[in-house]
Amino acid sequence: MIEDLCGRRLVGPRQRSSRWTLVAVFALFAFADAWPAVPADPGVAIYRLGVLPSGGFLVGTRDAGEPTFGAAAACVNCHRRSGLGTVEGQVLVPPVIAKYLFNHRQLIIEDPDIPHIQGYLPNRSAYTDATLAAAIRAGVTPDGRRLSYLMPRYALDDASMRALIGYLRTLGSQPSPGVSNEALEFATVVTPDADPVAKFAMLEVLRHFIEGQNKLIAGGTPPMQSNRAIMYRVTRRWNLQVWELTGPAASWPAQLQARYTARPVFAILSGIAGRDWAPVHRFCESNGIPCLLPNVDLPVVAELDFYPVYFSRGVLLEADLIAVRLGELAASGGVRRVVQVLASDDIGTDAAAALAGSLRSGTLASEVHALPGPELRARLPAILAGLKPDDALVLWLRSSDVAALPARPPASVNIFLSGLMADLENTPLAAGWRDRTRLSYVFDLPDARRSRMVLAKSWLKIHGVPPAAERAQIQTYLACVIVAETLGHMLDSFVRDFLNERLEMMVSRRLSNAYYPRLGLAPGQRFASKGGYLVRLADPDGPRVVADGEWVVP
């Protein structure tokens, strides 16, 4: 039997149409790359993916409206991965972890080790396996009241119900690593190829911020009681480990694992890399460690991963911004071929590959020159000389290579330059190139963000942080503030999954995002800023930039 993604049977004993069989098989295989592996624990599979032990799909029904199927019907959509629930407007989604489901109301209120959760419903009796099954199937509480219509009803068989309730009994039962009654353990990661000035800038901000954080909570207060439904200041001290990696990237996972085994951490805060962050990303995802807002210009795009969270897609976002403009130029007949130039050992290789992939679906021809540094400079004049008037030139170059460009650009060619790689408005682009070149710019414009930088710059000055690598300093400070604000709203429920879920909510509430015009994370999103500009350098020799079009979200 073959079912579609909603669990409806397409092929059965009396349905042998070869055409429908091929369509169904094709659909399933086409979807396979985007579909996460089904967990071995059947309760996890039901809760997170809406996949039943039989291999069929979970079906959720309500009194009115169409039923939901599979992932759309999964419990995680409302109760979240942590099981601690969420808030959607005026709707509070209650927690479903064992300490709330299976404990009596009075015990939960009086036990100081059970923290208050915003969506907790204190006016009901404890569930048993039987009454919880009735609530899931029929929407009836242990006290005989009907659950909200927002809660779907699930006609689960006994085996599936046992699996799901068994998982709920274990959900949240183990403390998160890196959490004690006195402290929260954090780490930051520095890769060997990180820029030394930016590394110093990041570490200085982390050091001063955590020192200030710990001074605020010196003395401490007792843990929050469950019946005090108010926000309070978290009283755990922050401890920071600096995990400096050495050697080739292939050796980093073992180094990270050794550090983590010796002294587990609750989360990785910020971090910095040059060429490669992927081993750190994979380590965090495989160990379930939140990796929050590192200073990386080449993040890992893995839509189904949960734990790493980034400011933006960096140079990959730049590639998309350039692709949008190239599409417009191609539609008007202004560009027929795109020539990309980059160093073969830098992050431009990934950006160029992303742009080339976008161009494959259109009419533009693509040519990529990826060369080692010395050879790149030697061959660049010949590459430029071979350009035609209807070509577009895309440069993924660092400032030092930009400074080595000839004084005059090739005639009548559309030129694009990576802002992240070339130091944004401070790029040493020759005056002859400035009017013809469009810079990809994944931040707000300098004039627009100036007022939003005041708070961060004042903090740096007050704490005596020496000026160095401004973007690394500001982004690290912003990451620290976001995490501190998130922890302050977790109400003593220091659970890793909950940290990420609350961070999703907190990011979009910020009024001052420094370099970014806006930040926001919907459930499941892992890139807080999603757009950017193409800009031109307005002054022949100065740093002023002017938007060449509107803010674009590719």
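Predicted model: local features only at pLDDT ≥ 70, side-chain atom pairs only at ≥ 80, totals over all residues.
1. Where does D297 sit? The residue lies in the loop between β11 (291-292) and β12 (308-309). D297 counts as buried because its relative accessible area is 17%, and the cut-off for buried is under 20%. Leaving out residues up to four places away in sequence, D297 touches R313, G314, V315, I347, L420 and R471.

2. Now to the sheet. Seven strands make up an open sheet with mixed pairing, and their order is β14-β13-β15-β16-β17-β18-β19. At its edges are β14 (365-371) and β19 (545-547), each of which pairs on one side only. On average, and ignoring direction, neighbouring strands of this sheet are turned by 25 degrees against each other.

3. Which residue of β19 is the bridge partner of V535? That partner is A547. The pairing of β18 (residues 533-537) with β19 is antiparallel and runs over three bridges.

4. Two helices deserve a look here. Helix α11 (residues 315-331) packs on the sheet and touches β13 (337-343), β15 (391-396), β16 (414-418), β17 (437-441) and β18. The direction of α11 makes about 170 degrees with that of β16. Helix α12 (residues 348-359) also packs on the sheet, where β13, β14 and β15 are the strands touched. The direction of α12 makes about 165 degrees with that of β13.

Note on methods: Residues numbered from 1 in each chain as written. Heavy atoms only, no water. Pairing = 2+ DSSP bridges. Helix = DSSP H or I, 4+ residues; strand = E, 2+ residues; numbered from the N terminus. Axes fitted to C-alpha atoms, helices over the stretch in contact; angles between N-to-C directions. Contact = heavy atoms within 4.5 Å. Buried < 20%, exposed > 50% of the residue type's maximum accessible area, 1.4 Å probe, protein only.
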